[in-house]
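Q: I would like to learn how to read the features of a structure model. Could you take me through some of them, with the case at hand for each?

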Amino acid sequence: MTVLVIAEHDNRALNGATLNAIAAAATLAMPVHVLVAGAEAGAAAEAAARVAGVDKVLLAQAPQLADGLAENLAAQAAAVAAGYSHVFLAATAQGKGVAPRVAALLDVAQVSDVIEVLAPDTFKRPIYAGNAIATVKSGYPVIVATIRPTAFDPAAAEGGNAAVEAIEAVAGAGLSRFVSREIAVSERPDLGSARAVVSGGRGLGSADNFKLLDPLAEKLGAALGASRAAVDAGYAPNDWQVGQTGKIVAPDLYVAVGISGAIQHLAGMKDSKVIVAINKDGDAPIFGVADYGLVGDLFEAVPALTSSLP
Amino acid sequence: MKVLVPVKRVVDYNVKVRVKSDQTGVDIANVKMSMNPFDEIAVEEATRLKEKGAVAEVVAVSCGVAQCQETLRTAMAIGADRGVLVQTDVELQPLAVAKLLKALVDKEQPQLVILGKQAIDDDANQTGQMLAALLDWPQATFASKVELADGKVTVTREVDGGLETLTLKLPAIVTTDLRLNEPRYVTLPNIMKAKKKQLDTVTPQDLGVDPAPRLKTLKVSEPPARKAGIKVADVAALVDKLKNEAKVV
């Protein structure tokens, strides 16, 4: 019984969410192996070998594995998975794209977005936008699951000393081709792993007004987020969206500014440790989950809050 | 070419579901049901491709109970040409649905299958990817832009941190993200027309698929409730609470 974690990486470093998936794997008390598939991904494999709790790193290198194409990555993972009892991926865009493909290749069900490991075959996962928690049991010899990163503290990036073993890469399927990637450049912390998040909603009124949140985020060392309404209105980029269909975050502090608190938004942030809501509508549903609510005009409250912070 | 669009009947997204007291599931008796929002986007996209002349026929498919016919009628009112219902009262999980869809793809021979990225009830986000694996077709998940040309489909995807563009050989699988399009409202004349469109019913047995669920749900519980919060009078009181009570700043 061994767990295989499929690493997400940029060939040089591991994605932070992979550390959370490794931590979830460690709760099974079984050996943990990590598959790093890429092109010239030696540095990422070395990084994986240094993660505390990792027993072995498998490194598959080939040009067709360069861009994380789901077809090639899933075929690689499925080829390796035969000897494992569990295959874990982080529930990121990449993990969600690849995990079901691996599961179907192995003809097994997949468990999505695990928030708690109760037993090697029993997991908790949210359904209905987090309004219910299902406990599910898999009867399959191989359990393929994605891990919700915010539900597990990350494994320490240093302290491990695993061996890196080169393995043969599976031939590319030649079905898809990577064209381009536009990654938004930001000086702010990554939304998924930030300690604090400041999110704006439709109440901000415009993309220009969204800049009002910058100094507050700066002072808190926070990532910026947004509700779907704000994204749809063009106030904020798509990848800032927090919610059932966007990012799931669970920071120490979540500040919701001008966000009413629709079910779909709450699904993405209600596991935050402390929630602050600033909204002029005292009946907004966001106040139902906020630890501290301030009913008032955000255009006065946000600058005042920013200047009162150390 | 033909496009297949699977649609799912789910609890309407505005309904706040309640967990049953015996913890066997959520209470969906007498709750408003609708088409999964991501599937509406999928039907809309297929219809737009047809309106552009890139697609000849759009076939909507739904798997589940008899009432899924209503969901198929909605798809046909948006623009699907005909519907297929795979009727069963068995609880369907993504792997079973992917196998049912594979059997239909083998029969219908579409060049493109457009699915929603996830259903808002089980939040699994699996079916499209599983279908792609079973068919050995390429996949583009979380699409925000789809272009068909020269036997290929070019898809812009929403990924963590930004956007990514892929080109897939047809036949292919695409799953929709929210930003792909704004589904049209169905009009009364189109609802009336949809009633006359062809709707075939088959069973999993006809397709040679055993749909029995393989993951066992042991229980469904309420999420842990947050303790009640307080409203503060002004910014000074808020800062005081954050500093001295929550100790987060």
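Q: Which residues in helix 9 of chain A meet helix 7 of chain B?

A: This is a predicted model. In helix 9 of chain A they are A:Ala301, A:Ala304, A:Leu305 and A:Ser308, and they meet B:Val235, B:Leu238, B:Val239 and B:Lys243 in helix 7 of chain B.

Q: How is such a pair of helices described?

A: Two packed helices are described by the angle between their axes and the distance between the axes. Here the axes of helix 9 (residues 298–308) of chain A and helix 7 (residues 235–245) of chain B come within 10 Å and cross at roughly 45 degrees. That angle makes helix 9 of chain A oblique to helix 7 of chain B. Helix 9 of chain A passes helix 7 of chain B in a right-handed crossing.

Q: At what angle do the axes of helix 4 of chain A and helix 4 of chain B cross?

A: The angle is roughly 45 degrees, and the axes of helix 4 (residues 93–105) of chain A and helix 4 (residues 127–135) of chain B come within 8 Å. Helix 4 of chain A and helix 4 of chain B are therefore oblique to each other. Their crossing is right-handed. On the side of chain A, the contact is made by A:Lys96, A:Gly97, A:Pro100, A:Arg101, A:Ala103, A:Ala104 and A:Leu105. On the side of chain B, B:Gln129, B:Met130, B:Ala132, B:Ala133 and B:Leu134 take part.

Q: Within chain A, how do the axes of helix 3 and helix 4 lie?

A: The axes of helix 3 (residues 70–81) and helix 4 of chain A come within 9 Å and cross at roughly 50 degrees. That makes helix 3 of chain A oblique to helix 4 of chain A. The crossing of these helices is right-handed. Residues of helix 3 of chain A in the contact include A:Ala70, A:Leu73, A:Ala74 and A:Ala77. Among those of helix 4 of chain A are A:Gly97, A:Arg101 and A:Leu105. A:Gly97, A:Arg101 and A:Leu105 are also among the residues in contact with helix 4 of chain B.

Q: Now aromatic rings. How many aromatic pairs are there over all chains?

A: A pair of aromatic rings is described by the distance of the centres and the angle of the planes. The count over all chains comes to one aromatic pair. The rings of A:Phe210 and A:Trp240 have centres 6.1 Å apart and planes at 40 degrees, so the pair is tilted. A:Phe210 is in helix 5 (residues 207–210) of chain A, and A:Trp240 is 30 residues away in the loop between helix 7 (228–232) and strand 14 (253–257) of chain A.

Q: Which charged ends sit over a ring?

A: The charged end of B:Lys117 sits over the ring of B:Phe142, 5.7 Å from the ring centre. The charged end of B:Lys231 sits over the ring of A:Phe287, 4.7 Å from the ring centre.

Q: What does A:Thr245 touch?

A: Leaving out residues up to four places away in sequence, A:Thr245 touches B:Phe38, B:Lys117 and B:Leu178. A:Thr245 lies in the loop between helix 7 and strand 14 of chain A. The relative accessibility of A:Thr245 is 16%, so this residue counts as buried.

Q: What about the backbone: which residues other than glycine have a positive phi near 60 degrees?

A: Most residues other than glycine have a negative phi, and most peptide bonds are trans. Phi is near 60 degrees for A:Asp113, and near 60 degrees for B:Asn125 too. A:Asp113 is in strand 5 (residues 110–114) of chain A, and is buried, with a relative accessible area of 13%. B:Asn125 is in the loop between strand 6 (112–116) and helix 4 of chain B, and counts as buried at 6%.

Q: Where is a cis peptide bond?

A: A cis peptide bond joins B:Leu170 and B:Pro171, with omega about 0 degrees. B:Pro171 lies in the loop between strand 9 (162–169) and strand 10 (172–176) of chain B.

Methods. Residues numbered from 1 in each chain as written. Chains lettered and ligands numbered in written order. Predicted model: local features only at pLDDT ≥ 70, side-chain atom pairs only at ≥ 80, totals over all residues. Heavy atoms only, no water. Phe/Tyr/Trp six-rings, centres within 6.5 Å; stacked < 30°, edge-to-face > 60°. Helix = DSSP H or I, 4+ residues; strand = E, 2+ residues; numbered from the N terminus. Lys NZ or Arg CZ within 6 Å of the ring centre and 35° of its normal. Axes fitted to C-alpha atoms, helices over the stretch in contact; angles between N-to-C directions. Parallel < 35°, antiparallel > 145°, perpendicular 65-115°, else oblique. Left-handed = near helix turned anticlockwise from the far one by under 90°. Contact = heavy atoms within 4.5 Å. Buried < 20%, exposed > 50% of the residue type's maximum accessible area, 1.4 Å probe, protein only.
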